[in-house]
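Me: I am new to this structure and would like a close look at one residue and the strand beside it. Please take me through the surroundings step by step.

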Amino acid sequence: AAAARAAAAAAVAKGIAPRYHLAGSEGRFYERAPYLNPPCGPLPGAVRHVTRFLGLARVGDSDKKNRWLYAANVTPASSLDMDQFAAAAAAAAGSVSPYDS
């Protein structure tokens, strides 16, 4: 059952390619290096954007390393220009989507 839920979550994440992907099922903090998604569209030069994955600990965890709260400074994609998308994609170029490996 857990494997089926994980496969379903992976399929959704791959399909929608969110900018932020948050999870909490493991009960510990984990921050993956931002990864580059496949191009959004079939045209050459189509936009590639980055996803940041965060696993959050259980609320109230006494271990300081297991953060259960994360402050993000999120700018709506509609407010970003193509140069900002390109800069984020270039920074994450070495880290491909875990769903394509």
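Reply: What follows looks at N37 and then at strand β4.

This is a predicted model, in which local features need pLDDT of at least 70 and side-chain atom pairs count only at pLDDT 80 or more, while totals for chains, interfaces and linings use all residues. Residues are numbered from 1 along each chain as its sequence is written, and side-chain values use heavy atoms, with hydrogens and water left out.

N37 lies in the loop that runs between β3 (35-36) and β4 (50-55), where strands (E, at least two residues) are DSSP runs numbered from the N terminus. Leaving aside neighbours within four places in sequence, N37 is in contact (heavy atoms within 4.5 Å) with A17, P18, R48, H49, V50 and T51. With T51 there is also a polar contact between the two side chains, at 2.8 Å; such a contact is a pair of N or O atoms within 3.5 Å, of which, within protein, one must be able to donate a hydrogen and the other to accept it, and residues adjacent in sequence count only if both atoms are side-chain atoms.

T51 is also the bridge partner, in β4, of Y35, and β3 and β4 run antiparallel, joined by 2 bridges; two strands pair if DSSP finds at least two bridges between them. Strand β2 (residues 30-31) likewise runs antiparallel to β4 with 2 bridges, and there Y30 has G55 as its partner. Strand β1 (residues 20-23), by contrast, runs parallel to β4 through 4 bridges, with H21 facing F53 as bridge partner. β4 itself is mostly covered, 5 of its 6 residues being buried.

Note on methods
Buried means under 20% relative accessible area, exposed over 50%, partly exposed in between (1.4 Å probe, protein chains only).
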